Amino acid sequence: MLKRIKPTHVRLGMFVEAIEGSWIDHPFWRKQFRLERATDVEKLKSSNVSAVIINTVKGLDVTVPSLSERKAPSSPRENAELKRAVQTIELAKPMIREMFDNARRGGIVPVSYAAQAVEHIATCMNSGSKALIEVTRLKSRDEYTFLHSIAVSALMVHLARAVDLNEETACDVGMGGLLHDIGKMRIPRKVLNKTGPLDEREMRLIRLHPSHGYQLLARQGDVSRVILDICLHHHERIDGRGYPKGLSGEEISIPVRISSICDVYDALTSVRAYKKAWSPRDAARFMLEQEGQFDRRLLMQFFHSLSI
Ligand SMILES: [Fe+2]
């Protein structure tokens, strides 16, 4: 049985199946191994990796509750899906990092990476597996941007397919999910990472991120209309009270409506160190109460497709 645990919860005798986090933080060369030396346990505990996947069939189990809220996978199929989701994240992360770093420097964003990453994400979401959505719920502070992008992309591909958009559009929609917040790379880090309440000036700066993202990608000439639309309009509301343009109703395209739903849903349900994550059910209740923010029909289809 695979379990996803905090690095601080590892102990001697556990079998490590995979380590999540950037390879820079990865303290070992080997990918899979049994923890047999106390020094290795200490190394892992003090590392910056975000989580460790252990195999309780090949090694010892945890003595503390499993970190993720999901029920532990019980069948070989669930095990395989979980493994695949972890691999997908590892494949997509460096590509997203490269695109976001380029955006931060104001350079050309290699959008072909988004296409490659979405191919992995879309394949991982095939045959109704939701492991990727489950695994990306847990986000450490330094990985939030990457995992939020992957999660939103996965949810968007899922919803696009659920409402029968063709596969080509679903992939564009997924790329839009990966890139929707890329404009945030142009916002000063001090403002972006501020944990306290934002003042009016800071709020104005943050609210510029859709326009920044749009400008960054539109000048390249190799980015589809669907992706540009999602970048620019994912904070619009059906009732016209969103930003930056205050579009309403039919003026907001279906892919954009999908992006608003998936963006908010992932933000609410993310498990983070400093806040309690909302359960999918509570998030659904809250989002349904937000009169005029989302496309109601799509919202119902979204929750239905996730069996919430
Ligand atoms: Fe945003």
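Biologist: What is the relative accessible area of H235?

Modeller: H235 has a relative accessible area of 24%, so it counts as partly exposed. Buried means under 20%, exposed over 50%, and partly exposed in between, with a 1.4 Å probe and protein chains only. H234 is buried, at 2%.

First, the ground rules. The model is predicted, so local features need pLDDT of at least 70 and side-chain atom pairs pLDDT 80 or more, while totals for chains, interfaces and linings use all residues. Residues are numbered from 1 along each chain as its sequence is written, and side-chain values use heavy atoms, without hydrogens or water.

Now the metal. D181 (OD), H209 (NE2), H234 (NE2) and H235 (NE2) coordinate the iron ion at 2.1 to 2.3 Å. Donors are N, O and S atoms within 2.8 Å of the metal (3.2 Å for Na, K and Ca); water is not among the atoms, so sites may look incomplete. Along the chain the donors are spaced D-x27-H-x24-H-H. The 4 donor atoms make angles of 86 to 176 degrees, and the site is irregular. Four donors are tetrahedral if all angles lie between 85 and 135 degrees; four are square planar and six octahedral if opposite donors are over 155 degrees apart and all others between 65 and 115; anything else is irregular.

Next, helix 10. Helices (H or I, at least four residues) are DSSP runs, numbered from the N terminus. The buried residues include C231, L232 and H233. Among the elements covering them are helix 6 (167-179) and helix 9 (209-218).

Notes:
Helix = DSSP H or I, 4+ residues; strand = E, 2+ residues; numbered from the N terminus. Contact = heavy atoms within 4.5 Å.
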